[in-house]
Amino acid sequence: MADGLGPQLISTGRLLVANPMLPDPNFDRTVVLLLAYADEGALGVVLNRPSDTHVGDPLAPWEDLAAAPAVLFVGGPVQHQAVICLARPDQRTGTDAMEGFKAVTPEVGTLDLDLDPALVGASFRQVRIFAGYAGWSAGQLESEIEAGAWWVVDAEPGDPFSVDPANLWKHVLRRQRPPLGYVAYFPDDPADN
């Protein structure tokens, strides 16, 4: 676990946890799962921004596999028409060579929504669908982390499928060692402290 003091290893599959003092409202108290990280930049999805749109409205075939709450999530401020699906494989089935699935961590990956959910459904325990994503150009994320906007921490398998996304930011911070763990108790309005 990250302690928030030393260098932070940025890599695919790790979480970015927003500093509560981050001024960008798009990322206020967000938790972002990094789906891709390279010299050219980074791409991730915000895990704790559920929308009011039920998955069955635009994507009825995927409704039965959707993790609760079964709504679309706002994955970030970039290209809201782009849709990204995260999937949690059933450990009893091999998904390593499955066409249309790309592992992000050993327990979570992206899944092509052009696949037939009736055919791939037995291979996955749950999916979560995101409209839009968060993106950074080369060097941008590193600069933001250096400025203190984000903490980089390990993801747990259930984070992308949290049944309580509104409290995911606090939950992820609470499991970190002090002093970073104390940030979970930072008030919504510092003037209330």
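**View 1. Charged side chains across the protein chain.** In this predicted model, the protein chain carries 12 positive and 26 negative side chains.

**View 2. The chain from end to end.** Let's trace the fold. The protein chain has three helices and 10 strands. Starting at the N terminus, the elements run β-β-β-β-β-β-β-β-α-β-α-β-α. The radius of gyration is 17 Å, close to the 16 Å that the globule rule gives for 193 residues, so the protein chain is as compact as a globular protein of that length. Along its principal axes, the C-alpha trace spans about 50 × 35 × 30 Å.

**View 3. Inside the fold.** How much of the protein chain counts as buried? Of its 193 residues, 48% do. Now pick out the contacts between residues at least 6 apart in sequence: 68% of them join residues at least 24 apart.

**View 4. Phe27 meets Trp150.** Searching the whole structure turns up five aromatic pairs. One of them is Phe27 with Trp150, an edge-to-face pair with 5.3 Å from centre to centre and 75° between the planes. Phe27 sits in the loop between strand S1 (15-18) and strand S2 (31-38), while Trp150 belongs to strand S10 (residues 150-153), so this pair ties together parts that are 123 residues apart in sequence.

**View 5. Phe101 and Phe124, a tilted pair.** Here the ring centres of Phe101 and Phe124 are 5.3 Å apart and the planes meet at 50°, so the pair counts as tilted. Which strands does the pair link? Phe101 is in strand S7 (residues 101-103) and Phe124 is in strand S9 (residues 124-137). The two residues are 23 apart, so to speak, in the numbering, and the pair links distant parts of the chain. Both Phe101 and Phe124 are buried.

**View 6. A cluster of rings.** Which residues do the ring pairs link into a cluster here? Phe27, Trp136 and Trp150 are the members.

Definitions and conventions. Residues are numbered from 1 along each chain as its sequence is written. This is a predicted model: local features need pLDDT of at least 70, side-chain atom pairs count only at pLDDT 80 or more; totals for chains, interfaces and linings use all residues. Side-chain values use heavy atoms; hydrogens and water are left out. Helices (H or I, at least four residues) and strands (E, at least two) are DSSP runs, numbered from the N terminus. The radius of gyration is taken over C-alpha atoms; the globule rule is 2.2 Å times the number of residues to the power 0.38. Buried means under 20% relative accessible area, exposed over 50%, partly exposed in between (1.4 Å probe, protein chains only). Contact means heavy atoms within 4.5 Å. Lys and Arg count as positive and Asp and Glu as negative; His and the chain ends are not counted. The place of a charge is taken as NZ of Lys, CZ of Arg, CG of Asp or CD of Glu. Rings of Phe, Tyr and Trp (its six-membered ring) pair if their centres lie within 6.5 Å; planes under 30 degrees apart count as stacked, over 60 as edge-to-face and the rest as tilted.
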